[in-house]
Amino acid sequence: MDMLYPKLRKADILVLATPVYVPLPDYFQSFLNRLLPLMNPVLKTMPNGRTRAITNKDVIIKKIVLVSTCGWWEMGNFNVVLHIAKELAANMSVEFAGAVLRPHADYMVPEDKETKKVLENCELAGFQLIKEGKMHPDILKQISKPLIKRKNYIDENI
Ligand SMILES: Cc1cc2nc3c(=O)[nH]c(=O)nc-3n(C[C@H](O)[C@H](O)[C@H](O)COP(=O)(O)O)c2cc1C
């Protein structure tokens with residue numbers, strides 16, 4: 001964290017990247033916990049009645065984005081990690097600017113045409129985020145698209 005805090009204080013977008021490990025790897029949770037020094041100790045009540053923190057004056061993070069992979073087929077496997085990323089954004093009173101989600105990530109194969117398209121669209125989503133402040137929903141959908149039919153996934157894995 002000593003190496004990360006100065007970088008976090010220079011960043012205007014915080015990109016959280018983690019695989020899904022029912023729901024999170026321990027080191028990712030530790031990282032989230034250790035964001036606390038970036039927060040102002042004085043809390044705030046939001047218009048929706050929730051108590052929230054606000055970031056210290058030297059923190060310029062305006063948006064949080066999630067990048068995540070999971071092993072199983074359905075997008076629902078991201079529900080918990082997505083919720084955690086959105087809650088973190090709300091807790092820090094910053095915008096949640098979208099999620100790059102890749103289910104059944106094991107089906108990404110180097111040199112495969114569909115895999116290359118997914119990776120190109122990840123790059124495009126990054127450009128959109130920087131240039132336009134948001135990632136287009138159609139590109140995010142392309143990144144998450146099935147690489148195998150659900151029935152075939154089940155036949156192969158279950
Ligand atoms: C301990 C552990 C728990 C996992 N739990 C889930 C899960 O609940 N749902 C899921 O879809 N994939 C799960 N996976 C699969 C990983 O999310 C997937 O393989 C991911 O791409 C691994 O990324 P990594 O190679 O960077 O660790 C789990 C993997 C591990 C090792």
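Leu 124 is found in helix H4 (residues 113–132); helices (H or I, at least four residues) and strands (E, at least two) are DSSP runs, numbered from the N terminus. The model is a predicted one, in which local features need pLDDT of at least 70 and side-chain atom pairs count only at pLDDT 80 or more, while totals for chains, interfaces and linings use all residues. Residues are numbered from 1 along each chain, as its sequence is written.

Leu 124 is partly exposed, because 15 other C-beta atoms lie within 10 Å. A residue is buried if 20 or more other C-beta atoms lie within 10 Å of its own, exposed if 12 or fewer, and partly exposed in between, with C-beta atoms placed from the backbone. Asp 58 lies in the loop between strand E3 (51–52) and E4, and counts as exposed because it has 8 C-beta neighbours inside 10 Å.

| Pair | Apart in sequence | C-alpha to C-alpha |
|---|---|---|
| Asp 58 and His 83 | 25 residues | 27 Å |
| Leu 124 and Ile 13 | 111 residues | 16 Å |

Strand E4 (residues 63–69) runs parallel to strand E1 (residues 13–19), and seven bridges join them. Within this pairing, Val 15 stands opposite Val 65 in E4. E4 also pairs in the parallel sense with strand E5 (residues 95–102), over six bridges, and here Val 67 stands opposite Val 100 in E5. Two strands are taken to pair if DSSP finds at least two bridges between them.

E4, helix H3 (residues 79–91) and E5 form a right-handed β-α-β unit. Right-handed here describes a crossover whose path from the first strand over the helix to the second runs clockwise, with the strands pointing away from the viewer. H3 has 13 residues and reaches 18 Å from its first C-alpha to its last, close to the 18 Å expected at 1.5 Å a residue; the expected span is 1.5 Å times one less than the number of residues.

The buried residues of H3 are Val 81, Ala 85 and Ala 89. They cover an arc of only 80 degrees around the axis, which puts them on the same side of H3; the arc is that of the directions from the helix axis to the C-beta atoms. Asn 79 and His 83 are exposed on the other side of H3.

The residues around the ligand include Pro 19, Thr 69, Trp 72, Asn 77 and Asp 106, a residue being near if its C-beta atom, placed from the backbone, lies within 6 Å. By class, this shell has seven nonpolar, three polar and one charged residues. Ala, Val, Leu, Ile, Met, Phe, Trp, Tyr, Cys and Pro count as nonpolar, Asp, Glu, Lys and Arg as charged, and the others, Gly among them, as polar.
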